[in-house]
Amino acid sequence: MEKYSVLMSLYEKEKPEYLRLALNSMLNQTAKPDEIVLVLDGPLTEDLYAVTEEYKEKYTGLFNIVVNEKNLGLGRALNKGLAACKNELVARMDTDDISKPKRCEKQLKMFREDKELSIVGGQIEEFIETTENITGKRVVPCCDAEIKAYMKKRCPFNHMTVMFKKSDVLEAGNYHEWFWNEDYYLWIRLALSGKKFANLPETLVNVRIGKEMYKRRGGKKYFKSERDIQKLMYDKGLISYPRYFINVAERLAVQVLMPNSLRGAVFKLFARK
């Protein structure tokens, strides 16, 4: 199997027990990683430092630890982490989620069968506390044309599931900070550079969420980030003005005008299965 790196970013609010589960899910892949790049984004708790040191010592030579003296935010942390990855294929992973055992094997197979692919993602199932308590599933389209059509309305990848070619992401400018939309911004730039996309139809990652996650998908700062992403796509010719207007109006209604108590129900109804 091809070699690949895993790219993760860790900050102080993560829980050590969640980090262990996330790391173990990547270490137990049927196609094992050649490298795990773990960005320590700012000062951590003593318990988190203890976990990172334990795994670094136990798996000698596997972990590449990148240290940020202060918290830079996810976009800039991943920017530094990707630059440190030694392999062309890079699998993104969050530090509180759980990857399915065959996730990376399936993605490597896709890259092996289609040399033109730039990025391969998949579906997610969201859970609270344990993976037996599945509360929703985010389904995204699978073929290149459908993914790029979907991108005109919503983010077309589940970020924590993707595996991509490092050279293509660097060519598109690498990760940049963009509140809640570091990934969407990157996919747009990859699409503008003509890269080929794919998603697998099956669930690749179980994603941990809080009970109030759906309700929190709102506020003026969140809306401004989403509005600016839509404006970028309009300016670059990816969407028409009517599509831009509809996208912004929908986000204004749900993220700003709608009360939290209702937002959660609407979000689950229209954005999850």
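User: In which strand does Asn199 lie?
Analyst: This is a predicted model, in which local features need pLDDT of at least 70, side-chain atom pairs count only at pLDDT 80 or more, and totals for chains, interfaces and linings use all residues. Residues are numbered from 1 along each chain as its sequence is written, and side-chain values use heavy atoms, with hydrogens and water left out. Helices (H or I, at least four residues) and strands (E, at least two) are DSSP runs numbered from the N terminus. On that basis Asn199 belongs to strand β9.

User: Is Asn199 buried or exposed?
Analyst: Buried means under 20% relative accessible area, exposed over 50%, and partly exposed in between (1.4 Å probe, protein chains only). The relative accessibility of Asn199 is 3%, so Asn199 counts as buried.

User: Which backbone oxygen does the side chain of Asn199 reach?
Analyst: Contact means heavy atoms within 4.5 Å. Not counting residues up to four places away in sequence, Asn199 touches Gly121, Gly122, Gln123, Val140, Pro141, Cys142, Ile147, Pro156 and Phe157. A polar contact is a pair of N or O atoms within 3.5 Å; within protein, one must be able to donate a hydrogen and the other to accept it, and residues adjacent in sequence count only if both atoms are side-chain atoms. At 3.1 Å, the backbone oxygen reached by the side chain of Asn199 is that of Pro156.

User: How far from the side chain of Asn64 does the backbone oxygen of Ala84 lie?
Analyst: Asn64 is found in strand β3 (residues 63-68) and is partly exposed, with a relative accessible area of 24%. Leaving aside neighbours within four places in sequence, Asn64 is in contact with Glu35, Ile36, Val37, Leu38 and Ala84. From a polar atom of the Asn64 side chain to the backbone oxygen of Ala84, the distance is 3.4 Å.

User: Which residue forms a salt bridge with Glu113?
Analyst: A salt bridge is a side-chain nitrogen of Lys or Arg within 4 Å of a carboxyl oxygen of Asp or Glu, and a search of the whole structure finds 14 of them. The closest N and O atoms are 2.6 Å apart, and the partner of Glu113 is Lys109.

User: Which residues of α4 are buried, and what arc do they cover around the axis?
Analyst: The buried residues of α4 are Arg103, Cys104, Gln107, Leu108 and Phe111. They lie on the same side of α4, because the arc they cover around the axis, taken from the directions from the helix axis to the C-beta atoms, is only 120°.

User: How many residues apart in sequence are the parts tied together by Asp114 and Lys196?
Analyst: The side chains of Asp114 and Lys196 meet in a salt bridge, at 2.7 Å from N to O. Asp114 lies in the loop between α4 and β6 (117-127) and Lys196 in strand β9 (residues 196-208), so the parts that the pair ties together are apart in sequence by 82 residues.

User: Which residues are linked with Lys195 in a network of salt bridges?
Analyst: The side chains of Lys195 and Glu171 meet in a salt bridge at 3.3 Å, N to O. Lys195 lies in the loop between α7 (182-192) and β9 and Glu171 in helix α6 (residues 166-171), so the pair ties together parts 24 residues apart in sequence. Lys195 is buried at 14% relative accessible area, whereas Glu171 is exposed at 54%. The residues linked with Lys195 in the network are Asp168 and Glu171.
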